[in-house]
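Good morning, colleagues. Please bring up the sequence and the structure on your screens, and I shall then take you through the points I have selected.

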Amino acid sequence: MGTVSFGISTGPQDIEWQVLRDIWKVADDIDLFETGWVNDHFFGFVGPPFKGDPNQGAADGWMVLASLLHETKRIRGGVLVTGIHFRHPSVLAHMAATLDWSSSGRLEIGLGAGWSPEECDMFGLPLGTVKERLDRFEESIEIIIRLLSGEKVTFDGRYFQLQDAIFTQLGPQSPHPPICIGGMGEKRTIPLAAKYAQHWNYEGTDPKVLEQKARVLRNCCEAIGRDPSEIRISGKVRYSATEDPNVLTERANKMVEAGANTILVSFPRPTTPEMIEPVAAALNELV
């Protein structure tokens, strides 16, 4: 099976802060879980198919992540994934540099092109056509990586322009915190992951789709002369509140067989700290 890592996925929607904090603190004490992830939305979504529910409150993913990393000691954390259209890439890179610095190098940077017109229309945020959002996404990735690598950046793009921009206070990770790119588009998103990412996330739960998309990722890597093994592949496993956590063993195994080497557990709501240890016990069978 090779080396498989595990993480938790706990969106900051419809949950009390004290509960979310305690979930992460329990996971922090379990060596099996190497990473924890939150998401980045203005409100919750129900589905699939995913439809926004403005009545379902949501906290800001990056502010929550900062708080969670400061409440824990070991676990690494990221936003899965950051809607790049929510923040200027220079601002996001500055946030990331600060959090990598203040968390002693435990930051993972999850990036995505954005997808919800409903959310953008409500809050007056730019989304654009698929081409526009992916062009903006590619510019943003390059800017973020260059700034976090300590470069002096001059950039003249369609969406962003920088002039001799440089960060002189960076976190300890070198050359920069790991970049996770989320998305399944075979023409733009997966090729961008092959070019820039250390981690590609498959958001779905179908092992057959993961297997096919992972093959595309490998082909994209080979086309540019990059070793595909440099990129971790994560897949999510979910279970319902009526199911025993042991169902996760088979589901995780299928994702690993399809090409994932990182398994992220998405918990049913309402999630409680008491759910974490039984899940860890089930997944330990795969270690």
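What you see is a predicted model, in which local features need pLDDT of at least 70, side-chain atom pairs count only at pLDDT 80 or more, and totals for chains, interfaces and linings use all residues. Residues are numbered from 1 along each chain as its sequence is written, and side-chain values use heavy atoms, with hydrogens and water left out. Helices (H or I, at least four residues) and strands (E, at least two) are DSSP runs, numbered from the N terminus.

I begin with strand E11, residues 199–202. His-199 and Asn-201 point one way from this strand, Trp-200 and Tyr-202 point the other way, and all are buried. In what follows, two strands pair if DSSP finds at least two bridges between them. Strand E10 (residues 179–182) runs parallel to E11 and is joined to it by 3 bridges. Within that pairing, Cys-180 stands opposite His-199. Between E10 and E11 the chain passes through helix H6 (residues 189–196), and this β-α-β crossover is right-handed. By right-handed I mean that, with the strands pointing away from the viewer, the path from the first strand over the helix to the second runs clockwise.

On to strand E12, residues 232–238, which is parallel to E11 and linked to it by 4 bridges. The bridge partner of Trp-200 in E12 is Ile-233. Here too the chain makes a right-handed β-α-β crossover, going from E11 through helix H7 (residues 207–223) to E12.

Contact itself means heavy atoms within 4.5 Å.

E12 is also joined by 5 bridges to E13, again running parallel. In this pair, Lys-236 stands opposite Leu-264 of E13.

What is the order of the strands in the open sheet? The sheet has 9 strands, ordered E5-E2-E1-E13-E12-E11-E10-E7-E6, with parallel pairing. E5 and E6 stand at the edges with a single partner strand each, so one side of each is left without a neighbour in the sheet.

Let me now move to helix H3, residues 89–102. Its 14 residues reach 20 Å from the first C-alpha to the last, close to the 20 Å expected at 1.5 Å a residue; the expected span is 1.5 Å times one less than the number of residues. Among the buried residues of H3 are Pro-89, Leu-92, Ala-93, Ala-96 and Ala-97. The buried residues of H3 pack against helix H2 (61–71), E6, strand E7 (109–112), helix H5 (130–148) and E9. After H3 comes Ser-104, with a positive phi near 60°.

Two further positive phi values deserve a mention. Asp-14 has phi near 55° and sits in the loop between strand E1 (5–9) and helix H1 (17–28); Asp-14 counts as exposed because its relative accessibility is 57%. Asp-164, with phi near 50°, is found in strand E9, residues 161–165. At 43% relative accessibility, Asp-164 counts as partly exposed.

Where are the cis peptide bonds that I wish to show? One joins Leu-80 and Val-81, with omega about -15°, and Val-81 is in the loop between strand E5 (76–79) and strand E6 (82–83). Another runs from Arg-269 to Pro-270, with omega near -5°. Pro-270 lies in the loop between strand E13 (262–266) and helix H9 (276–283).

Finally, the cysteines. The structure holds 0 disulfides, a disulfide being a pair of cysteine sulfur atoms within 2.5 Å. For Cys-180, which is in no disulfide, the nearest cysteine sulfur is that of Cys-221, 14 Å away. Cys-180 counts as buried, at 1% relative accessibility. Cys-220 is likewise in no disulfide, and the nearest cysteine sulfur, that of Cys-221, is 7.1 Å away. At 16% relative accessibility, Cys-220 counts as buried.

How values were computed:
Buried means under 20% relative accessible area, exposed over 50%, partly exposed in between (1.4 Å probe, protein chains only).
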